[in-house]
Amino acid sequence: MVTPARIDRDEVFLEVTKSICPVCKSVIDAEVNVRDDKVYLRKRCRDHGPFEALVYGDAQMYMDSLRFNKPGTLPLETQTEAVDGCPLDCGLCPEHKQHACVALIEVNSNCNLDCPVCFADSGHQPDGFSLDAGQVETMIDTFVRAEGEPEVLMFSGGEPSIHPEIVEFIAMAKRKGVRQAVLNTNGIRLARDAGFAEQLAEHGTGIYLQFDGLRPETHLALRGVDLRETKVRALAACEAAGLTASLVAAVDRDSNLAELGDILRFGFEHPAVRSVVFQPITNAGRHISFDPLTRLTNSDVVHTIVEQMPETFRVSDFFPVPCCFPTCRSVTYLLIDGDDVVPVPRVLNVDEHLDYITNRALPDPAIKEALERLWSASAVPGTTVTAEQLECATCAIDLPAAATALAEKAFMIVIQDFQDPYTLNVKQLMKCCVEQLTPDGRMIPFCAYNSVGYREEVREQLTGVPVPPIVPNAIPLQPILATSDHGSRVAVAPGAERSRDQRNIGRRR
Ligand code: SF4
Ligand code: SF4
Ligand code: SF4
């Protein structure tokens, strides 16, 4: 009798973790594997079968990033108890590993656009919500109690600039001790309302401007309308008022991946722009259909930037941000002086200072501290604080002329891959440092808010209108998907509704 030959698996097993079923949101085991030099998360739901998604397009970068994992800092206060386990106890619950570098308040669900891509599922909707000053005050107070001296509060939506009290909310945040308020906006009001930028400038507001690209096709694919002129006017208003802006691009493989270099060059040249944020499209809420196995990841964005601007960048110029889980976000800084662009990691050993595993003794702790503040989710480019940290980090180095005016010339690039119901890994989530504030006094990690069902729950509480569980618009799920009233997808297959009773979200403890 011939003994059959054993067959090797085609992947390297890295670890077991927990995730959720993208359809019913039940918490299920998941495993992380490396295959063909890429990292995948795989899981199986008892009722809805197997799921697999790409989580990092470069396995070597994934493994290398794990050294950049800073010990977390406890918040001063948590808001819930650990009862049912992560991610059902948000939050923050006492099991959470990090305080909040950044918090968000979604002041409304209405918007002056109806983008095909909107993780908040917002737009011109009759059943939306608009927070009042009392609710916003409660949320800011929660943030202040948890942080003591909170770093960054982002006002988002919907479109926050159309909220009639948005400037008052920003002023309130500043009065209560928030160091930096940021407005996440599509720029329409900045472009059209002559006095708006000045009002924001009175409070030193940072501007996160939706800016997906320079081609009309990109605007039509991701926003439904050509907003190129609007963006130019919005940035001109920022410049005139002395506001600094970050260009925030949702990146889609088919729509605008080819434009990363052009977006960067545009940012380098515009006087109001101090950073570019690239976010692979979040496959939560409303979005175009996608293949989970070929979705964009942080390492894909890094490689694409290098391919499109080889004269300026190397892959080794980008480092993971250590305050959150290191696979969540990567950053680099540049010193720009005319045509001279110098990535800071070329002149400073960032690797050595932000490696928390080998823990080498470093000659100058002040440089490490400055780099930690720069490679942080709370770093807001264009502010004095960021300029001072750069100055400190580079003080002992013989820099090019650019260093003489760091506040003016420093430029930041952020690459941030938010998790979705396919890619959610509680290992990352437990160290999340970006929290969504809710009117009932919780601070919910942003990726949990968008993936686990918290967004649906809070919207339902605020509007009184039932919100069905949102399911990713993934190609393998098409046979069971229907379109919701807001354009996102819901499951029509029997059993999908089961999730509502299984989640414990919404129960205050
Ligand atoms: S993500 Fe954090 S706050 Fe939420 S359940 Fe997990 S540990 Fe708790
Ligand atoms: S992505 Fe932003 S601008 Fe577009 S509909 Fe959503 S909230 Fe409005
Ligand atoms: S928001 Fe998501 S991607 Fe960002 S730090 Fe939190 S878990 Fe990571």
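Biologist: Which residue is the bridge partner of E106 in β6?

Modeller: S156 in β6 is the bridge partner of E106. Strands (E, at least two residues) and helices (H or I, at least four) are DSSP runs, numbered from the N terminus. Two strands pair if DSSP finds at least two bridges between them. Here β5 and strand β6 (residues 152-156) are joined by 5 bridges and run parallel. Between β5 and β6 the chain passes through helix α2 (residues 133-147), a β-α-β crossover that is right-handed. Right-handed is read with the strands pointing away from the viewer: the path from the first strand over the helix to the second then runs clockwise.

Biologist: What kind of model is this?

Modeller: It is a predicted model, in which local features need pLDDT of at least 70 and side-chain atom pairs count only at pLDDT 80 or more, while totals for chains, interfaces and linings use all residues. Residues are numbered from 1 along each chain as its sequence is written, and chains are lettered from A and ligands numbered from 1 in the order in which they are written.

Biologist: What is the mean pLDDT of the protein?

Modeller: pLDDT is the predictor's confidence in each residue, from 0 to 100. The mean for this protein is 91, with 90% of the residues at 70 or more. Over residues 498-509 pLDDT stays under 50. The model has 22 contacts beyond four places in sequence for residues 498-509, a contact being two residues whose C-beta atoms, placed from the backbone, lie within 7 Å.

Biologist: How many helices and strands does the protein have, and what share of the residues is buried?

Modeller: The protein has 17 helices and 18 strands. Of its 509 residues, 54% count as buried. Buried means 20 or more other C-beta atoms within 10 Å of the residue's own, exposed means 12 or fewer, and partly exposed lies in between, with C-beta atoms placed from the backbone. Among contacts with a separation of 6 or more, 68% join residues 24 or more positions apart.

Biologist: Why is β5 largely enclosed by the rest of the structure?

Modeller: Strand β5 (residues 102-106) has 5 of its 5 residues buried, so it is largely enclosed by the rest of the structure. V102, L104 and E106 point one way and A103 and I105 the other way, all of them buried. β5 also pairs with strand β15 (residues 434-437), in the parallel sense over 3 bridges. The partner of L104 in that pairing is Q436.

Biologist: Where is H124, and is H124 buried or exposed?

Modeller: H124 sits in the loop between β5 and α2. H124 has 10 other C-beta atoms within 10 Å, so it is exposed.

Biologist: Which residues come nearest to ligand 2?

Modeller: A residue is near a molecule if its C-beta atom, placed from the backbone, lies within 6 Å of it. C111, C115, C118, S122 and N186 come nearest of the 13 residues around ligand 2. The shell of ligand 2 divides into 5 nonpolar, 6 polar and 2 charged residues. In this scheme Ala, Val, Leu, Ile, Met, Phe, Trp, Tyr, Cys and Pro are nonpolar, Asp, Glu, Lys and Arg charged, and the others, Gly among them, polar.

Biologist: Which elements do the buried residues of α16 pack against?

Modeller: They pack against β16 (443-445) and α15 (446-451). In helix α16 (residues 454-463), 7 of the 10 residues are buried, so the helix is largely enclosed by the rest of the structure. Among the buried residues are R455, E457 and L462. Just after α16, G464 takes a positive phi of about 75 degrees.

Biologist: In which sense do β1 and β2 pair?

Modeller: Strand β1 (residues 12-20) and strand β2 (residues 27-35) are antiparallel, over 8 bridges. F13 stands opposite N33 of β2. Their hairpin has 6 residues between the strands, and K25 there takes a positive phi near 70 degrees. β2 pairs antiparallel with strand β3 (residues 38-45) over 6 bridges, and V34 has V39 of β3 as its bridge partner. The β2 and β3 hairpin has 2 residues between the strands, with D36 at a positive phi near 50 degrees.
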